Amino acid sequence: QVQLVESGGGLVQPGGSLRLSCAASGSIFSINAMGWYRQAPGTQRELVASITSGGSTNYVDSVKGRFTISRDNAKKTVYLQMNSLKPEDTAIYYCNVEIMRFYGSSWRQFWGQGTQVTVSS
């Protein structure tokens, strides 16, 4: 079994900051790309940021310069530092991790349970 446990969401005022964490555990041989998605009510889930195993990052235009994705391979954890938060950042945030569970097995996508981020005064 593989588990992704997210933490760090909450209520914050506009201009504030939050740091999301997503820790992977269980039967894991290797981890490839890691990322964060978000979904606001009535919208499709969108990719916010991703990071490859080599550390290359990618961001949706709306968060560039405000959000930073990072990873700690030893801890099997991905982070999303969110600064200068805006009301339009309000959504449920999900981590997504590409995992090889056993040597030679196929890569599979796993999702976290989601954490609510609300930006409001």
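## Arginine 66 and its contacts

Leaving aside residues up to four places away in sequence, arginine 66 touches Gln81, Met82, Asn83, Ser84, Leu85, Lys86 and Asp89 (contact means heavy atoms within 4.5 Å). Arginine 66 sits in the loop between strand E6 (57-59) and strand E7 (67-72). Its relative accessibility is 10%, so arginine 66 counts as buried (buried: under 20% relative accessible area, with a 1.4 Å probe and protein chains only).

## Basis of the model

This is a predicted model: local features need pLDDT of at least 70, side-chain atom pairs count only at pLDDT 80 or more, and totals for chains, interfaces and linings use all residues. Residues are numbered from 1 along each chain as its sequence is written, and side-chain values use heavy atoms, with hydrogens and water left out.

## Fold

The protein has eleven strands and zero helices (DSSP runs, numbered from the N terminus: E, at least two residues, for strands; H or I, at least four, for helices). From the N terminus on, the order is β-β-β-β-β-β-β-β-β-β-β.

Of the contacts with a separation of 6 or more, 55% join residues 24 or more positions apart.

## Dimensions and surface

The radius of gyration is 14 Å, which agrees with the value near 14 Å for a compact globule of 121 residues (taken over C-alpha atoms; the rule is 2.2 Å times the number of residues to the power 0.38). Along the principal axes, the C-alpha atoms fill a box of roughly 50 × 25 × 25 Å.

Buried residues make up 40% of the 121.

Notes: Buried < 20%, exposed > 50% of the residue type's maximum accessible area, 1.4 Å probe, protein only.
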